[in-house]
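Work through the exercises below with the sequence and the 3D view side by side. Try each task before you read its solution.

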Amino acid sequence: MRTVFHTADPDVESYRLLTALVVPRPVAWISTLSAEGVGNLAPHSFFSVACANPPIVSWTSVGRKDTLANVLATEEFVVNLATLPQLDLINASSAPFAPGDNEAVRLDIEMEPSDSVAPPRVAGSPASLECRLHSTIELGDSVLVLGAVVAITVDDYALVDGHPEMARLQPVSRLGKDEWGLPPTVHATPRPRRPEDVGRLTTPPA
């Protein structure tokens with residue numbers, strides 16, 4: 001048996017169900033500047049890669065928030081990797097600060113200059129994606145933002161043989177309700193290159 005939730009039913013909270021089921025969701029800790037140069041830092045968990053070549057990432061603003069206003073005004077933003085050592089600060093930066101409040105200043109989060117865009121990056125984040133606005137799509141109460149990645153920065157400590165290492169990045173993710181996912185246990189399984197390879201591949205542990 002299954003319980004069926006019809007999304008057209010006004011008593012069904014689709015948002016709560018979606019955020020509990022579309023998991024884990026990577027967190028884009030986005031830093032922006034307003035047109036006047038005031039900084040903003042906020043986490044967004046509707047975040048993914050939208051295109052491989054050219055590199056484009058996507059994130060969604062649920063409602064018209066300061067991050068969206070700044071991106072529309074300046075057409076630049078930085079996605080800072082959300083990691084375990086800064087989990088409490090990431091969560092704190094989601095508080096509804098007043099427009100014009102700089103979350104990094106209020107929460108004493110160290111920022112540093114980015115390489116290719118004006119908004120600064122989080123100094124303690126081991127990786128960042130510096131982006132320029134590609135386009136936006138209005139979707140009901142939300143706005144989908146597409147950003148062209150112009151620079152990727154990774155702390156040397158997090159690189160092993162020139163590639164980001166999961167154990168050193170320690171990314172966190174959002175789940176349902178007030179739940180967060182901690183850095184995952186990693187299991188490597190080769191992808192099949194041909195149909196004949198399928199039977200030879202290992203399977204994830206039970």
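The exercises cover charged pairs, ring pairs and charges over rings in a predicted model.

**Exercise 1. Find what joins the side chains of R64 and E138, and say which parts of the chain the pair ties together.**

Solution. 
- Step 1: Start with the general idea. Side chains of opposite charge can pair when their charged atoms come close.
- Step 2: Check the distance. The side chains of R64 and E138 are 3.1 Å apart, N to O. The cut-off is 4 Å, so the pair is a salt bridge.
- Step 3: Look at the surface. R64 and E138 are both exposed.
- Step 4: The whole structure has 6 salt bridges.

**Exercise 2. Decide whether R121 and E112 are buried, partly exposed or exposed.**

Solution. 
- Step 1: Locate the contact. R121 and E112 form a salt bridge, with the closest N and O atoms 2.8 Å apart.
- Step 2: Classify R121. Its relative accessibility is 18%. Buried means under 20%, so R121 is buried.
- Step 3: Classify E112. Its relative accessibility is 28%, so E112 counts as partly exposed.
- Step 4: Widen the view. E112, R121 and E130 are linked in a network of salt bridges.

**Exercise 3. Name the geometry of the 2 aromatic pairs.**

Solution. 
- Step 1: Take Y15 and F46. Their ring centres are 6.2 Å apart and their planes meet at 35°, so this pair is tilted.
- Step 2: Y15 is in helix α1 (residues 14–21), and F46 is in the loop between β3 (39–44) and β4 (47–51), 31 residues apart.
- Step 3: Take W59 and F77. Their centres are 5.8 Å apart, with 80° between the planes. Over 60 degrees counts as edge-to-face, so W59 and F77 are an edge-to-face pair.
- Step 4: W59 is in strand β5 and F77 in strand β6 (residues 76–81), 18 residues apart.
- Step 5: Check burial. W59 is buried at 0% relative accessibility. F77 is buried with a relative accessible area of 0%.

**Exercise 4. Which rings have the charged ends of R168 and R174 over them?**

Solution. 
- Step 1: The charged end of R168 sits over the ring of Y157, 4.9 Å from the ring centre.
- Step 2: The charged end of R174 sits over the ring of W180, at 5.1 Å from the centre.

Conventions:
Residues numbered from 1 in each chain as written. Predicted model: local features only at pLDDT ≥ 70, side-chain atom pairs only at ≥ 80, totals over all residues. Heavy atoms only, no water. Helix = DSSP H or I, 4+ residues; strand = E, 2+ residues; numbered from the N terminus. Buried < 20%, exposed > 50% of the residue type's maximum accessible area, 1.4 Å probe, protein only. Phe/Tyr/Trp six-rings, centres within 6.5 Å; stacked < 30°, edge-to-face > 60°. Lys NZ or Arg CZ within 6 Å of the ring centre and 35° of its normal.
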